[in-house]
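Trainee: I'd like to learn how to read this fold piece by piece. Where should we begin?

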Amino acid sequence: MAGTPFCFLHASDFHLEQPGTAGIETPEPLREAMLESPYRAAERVVDLALAHQAAFVVLAGDILDPTWTGPRGPLFLREQFRRLADAGVTVYWVGGRCDPPELWPSLLRLPDNVRRFSRSRPEVHLHEQGGAPIARVVGAVRHKKRRVRPRDFRQSPAEVPTIAVVYGRTDPEKLHVEGIDYWALGGRHRRSTFRTSPEVVHYPGTPQGRGPEEPGAHGCTLVWWHPERGFRLAFFAADGLRWQTERIPVHSRTNREALETLLRGRVHALRQSAPMVDWMVDWVIVGEGPLVDRLRRGRLAAELLEQLRREFAQEKPFCWSNSLRVSQEIPKPAETEGTPSLRDVFLRLVQQRQNETETVDLSEYAEGSSLAGQLGSILSVEDPRLQNQLWQESALLGADLLEGEGMLGM
Ligand SMILES: [Mn+2]
């Protein structure tokens, strides 16, 4: 392919209407940061486009739902579009589930640098720079009743690369049609690249995680195109607040002081890895031993959580410990020779029973009791999810209760 090298920015799912989630104990400054986080992330995306002199920005849907943001959302976005307009950057915006063109307030005119796609049949824009075309951008709004039809996007071959902007779930395997070199997708909150050759199939994900189910860094993608090298994608973080689940392994001799040191060390490591972001951390302690037992059932977990919050949520960057719990994985019996401990016998039984898929039926234990009739329905568990939970809880309880059994024999 001939043509001029250029760079563009690919982003989606700003969801300005969705603040992050925070527990009731979250301190005020962090709650404030959480409410603002989608806006700050969107602003950083624009900063990145300007800093890297992107030729254009591609927005692949779910940018904002104006009915939920109120006037603030569209006003903010118009301001960001203006910043791009001042630098001569065009915005190609395809609507998704929450931002169909008809929801945009008609009183608020979009700046001229914004091209909104408004039809469900693909429209083609030729992007020019200095009077010469450098890229083709093809886009269509989501059709409410049907999945994306890749063949609708088919284009005749061109001298310049062609970028298709599409919102929604699609089968990445099917995104292979004549004349499309880059599928700029939106609607998935997790960043994912399905293919980089022969064409690129990429979701940049949301620029801001909203809760523990969206952990790790979030941002947008800067894409460089070169006539010989094709597309090169680079991730840039835009989030100001980051969720993380940190697993801390302990063993049977780990004591409280050692655990505190491990936790502190991990906080420092997180802060060092991204000094500009605030962290929301869920701690999971993995392992077994007396300490784990105390964490599971005593006051210790609450005390440690309190301590972490006092120590690391006073100054920026914040590291707020959202929760601290013990992993719910059932321990394995020890592989020792000789007479196994009662705990190991119990754990082996658990392993055996887990592989069987029978209904858990405890009604025989209630036989002869006056409550048998009333209890009948809860003593026989058929729901597989509930059954699993029951197994897990009872296995953990048993393992913990038998933990110190060696002592009894002494
Ligand atoms: Mn979305």
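Mentor: Axes are lines fitted to C-alpha atoms, for helices over the stretch in contact, and angles run from 0 to 180 degrees between N-to-C directions. Contact means heavy atoms within 4.5 Å. The element names are DSSP runs numbered from the N terminus: helices are H or I with at least four residues, strands are E with at least two. Another helix, α3, lies across β2, β3 and β4, at about 135 degrees to β3.

Trainee: Before we go on, what kind of model is this, and how are residues and side chains handled?

Mentor: It's a predicted model, where local features need pLDDT of at least 70, side-chain atom pairs count only at pLDDT 80 or more, and totals for chains, interfaces and linings use all residues. Residues are numbered from 1 along each chain as its sequence is written, and side-chain values use heavy atoms, with hydrogens and water left out.

Trainee: What is the mean pLDDT of the protein chain?

Mentor: pLDDT is the predictor's confidence in each residue, from 0 to 100. The chain's mean is 89, and 97% of its residues reach 70 or more. Over residues 406-410, though, the pLDDT is below 50, and this stretch has zero contacts in the model beyond near neighbours in sequence. Where pLDDT is low, the predicted coordinates should not be read in detail.

Trainee: Back to the strands. What is the strand order in the open sheet that has β4 and β12 in it?

Mentor: Two strands pair if DSSP finds at least two bridges between them. Here six strands run in the order β4-β3-β2-β1-β11-β12, with mixed pairing. The edges are β4 (114-116) and β12 (230-237), each pairing on one side only. On average, neighbouring strands of this sheet are turned by 20 degrees against each other, direction ignored.

Trainee: How do I read a β-α-β crossover?

Mentor: Point the strands away from you: the crossover is right-handed if the path from the first strand over the helix to the second runs clockwise. Take β13 (residues 241-250) and β14 (residues 278-287), parallel strands joined by ten bridges. The chain crosses between them through helix α4 (residues 256-273), and this crossover is right-handed.

Trainee: Which residues have the most contacts inside the largest nonpolar core?

Mentor: In soluble globular proteins, nonpolar side chains tend to be buried together. A nonpolar core is a set of buried Ala, Val, Leu, Ile, Met, Phe, Trp, Tyr and Cys residues joined through side-chain atoms within 4.5 Å; buried means under 20% relative accessible area, exposed over 50%, partly exposed in between (1.4 Å probe, protein chains only). The largest core here has 30 residues, and Leu9, Leu59, Phe81 and Trp93 have the most contacts inside it. Its largest share, six residues, comes from α1.

Trainee: Is Arg119 buried or exposed?

Mentor: Exposed, because its relative accessibility is 51%. Arg119 sits in the loop between β4 and β5.
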